[in-house]
Amino acid sequence: MSVHTDQRSIQMQGDSHIENITVHIRRVLEDSDLDAGIVTIFVKHTTASVLIIEDEPGLRADTKTVWDRLVPADPAWQHNTRNPGEDNGHSHLRGQLQGQSLTIPFVERQLTLGTWQEIVIIDFDTRSRQRDLIIQLIGE
Amino acid sequence: MSVHTDQRSIQMQGDSHIENITVHIRRVLEDSDLDAGIVTIFVKHTTASVLIIEDEPGLRADTKTVWDRLVPADPAWQHNTRNPGEDNGHSHLRGQLQGQSLTIPFVERQLTLGTWQEIVIIDFDTRSRQRDLIIQLIGE
Amino acid sequence: MSVHTDQRSIQMQGDSHIENITVHIRRVLEDSDLDAGIVTIFVKHTTASVLIIEDEPGLRADTKTVWDRLVPADPAWQHNTRNPGEDNGHSHLRGQLQGQSLTIPFVERQLTLGTWQEIVIIDFDTRSRQRDLIIQLIGE
């Protein structure tokens, strides 16, 4: 059993921009000598999340729509009214509901993802930002 | 430390159908020689999720109701309008919000679940389907 | 590789009360002899959750507001109508959506949390309760 930790930064655009990182996660696994275990993908921010989607343009658009409905951008969020200059209260609320950590098993040196599952980062913030990820393998 | 991986398929009915898999997860743990560690339960699909609930008929009904309110079935989701034959845009959006991975610690050969916690699969799709799960133990 | 398991109880007030447990998680890590791996924080209840937020008063208030909008308290939830004496159907629905398990990597004896990330427990129940947590490290 051993632990392998990889770090990566990606440039994101905000406003529910989605970036597919599946190929990168597969490469980190291939570069390790591990056969079976888990990979944990962790986003080091409060206004971005990691999740699994079927990655096609319709669902990318629907994901933005559903978040705009569930947690609308609104100057009245107290994060905005209490903290001068802040406009991203909704970004925080979306990020904490969607989450920053995803754990996926691997066996025989392969992620156990199903046919349509892709790993993506979504950026809920109101401006372009660089986002830091931790990809950590634990296994044998 | 070692890794044990189990696979299971279950028949699900769609439309927020819930199936309790707690007994199966306990059995996988009992059949291993592991004393302490984590079990990761991973659903290999985008329109089904794994979660913890108090499993009683009222909450099963309320869970369907709350999802019908938060992310309604709607022919206008772009997943449906852009992809001929698709009607499950809402199923994808629900599945990605609820998530496909759950990690639970175990100690002294027992899951650390609280009294009322049960592990369930929920199927958000629009038709009956077979669902594949990975149950992976890492521990000592 | 080894596994370290810690348990902790905290007193919570319900009604979306938030308690910051980051310092405690750091202390459990410092008290172990582990350099790299994951910590899993698990809440042994169905009406409380663990999550990451930027912990400032505006977002604590907004978090309560957003949950009151997304999943309102309502005597008509079937958990309440079918089970005499129950009034916390909304607490269960919120808890199962936000989740009871959080996995965070650590390296060089430090959590990989970003600058603004804090680990908190949120209690969605309708009364004051003691809440039990499992904090489990797996690493080397």
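Begin with chains A and B together: chain B can be laid on chain A with an RMSD of 0.0 Å by a turn of 120 degrees and a shift of 0.0 Å along the axis, the superposition being by least squares on the C-alpha atoms of residues with pLDDT of at least 70 in both copies. That is the relation of a three-fold axis. Now select Met1(B), whose C-alpha is the one in chain B nearest the axis, 3.7 Å from it. The copies use different surfaces, since 14% of the contact residues of chain B recur in chain A; two residues are in contact if their C-beta atoms, placed from the backbone, lie within 7 Å.

This is a predicted model, in which local features need pLDDT of at least 70 and side-chain atom pairs count only at pLDDT 80 or more, while totals for chains, interfaces and linings use all residues. Residues are numbered from 1 along each chain as its sequence is written, and chains are lettered from A and ligands numbered from 1 in the order in which they are written.

Next, select helix H2 (residues 57-70) of chain A and helix H4 (residues 89-98) of chain B, which pack at an angle of about 65 degrees with their axes 10 Å apart. Helices (H or I, at least four residues) and strands (E, at least two) are DSSP runs, numbered from the N terminus, and axes are lines fitted to C-alpha atoms, for helices over the stretch in contact, with angles from 0 to 180 degrees between N-to-C directions. In this contact Gly58(A), Leu59(A), Asp62(A), Thr63(A) and Val66(A) meet Gly89(B), His92(B) and Leu93(B).

Then move to helix H4 (residues 89-98) of chain A and helix H2 (residues 57-70) of chain C, whose axes come within 10 Å and cross at roughly 65 degrees. Here Gly89(A), His92(A) and Leu93(A) meet residues of H2(C) that include Asp62(C) and Val66(C).

Finally, select the open sheet of 3 strands in chain B, which has the order S2-S7-S4 with antiparallel pairing; two strands pair if DSSP finds at least two bridges between them. Strands S2 (17-20) and S4 (48-53) of chain B stand at the edges, each with a single partner strand, so one side of each is left without a neighbour in the sheet. The twist averages 30 degrees from one strand to the next. Between S4(B) and strand S7 (residues 118-123) of chain B there are 6 bridges, and the two run antiparallel. To inspect this pairing, pick Ser49(B), which stands opposite Ile122(B) in S7(B).
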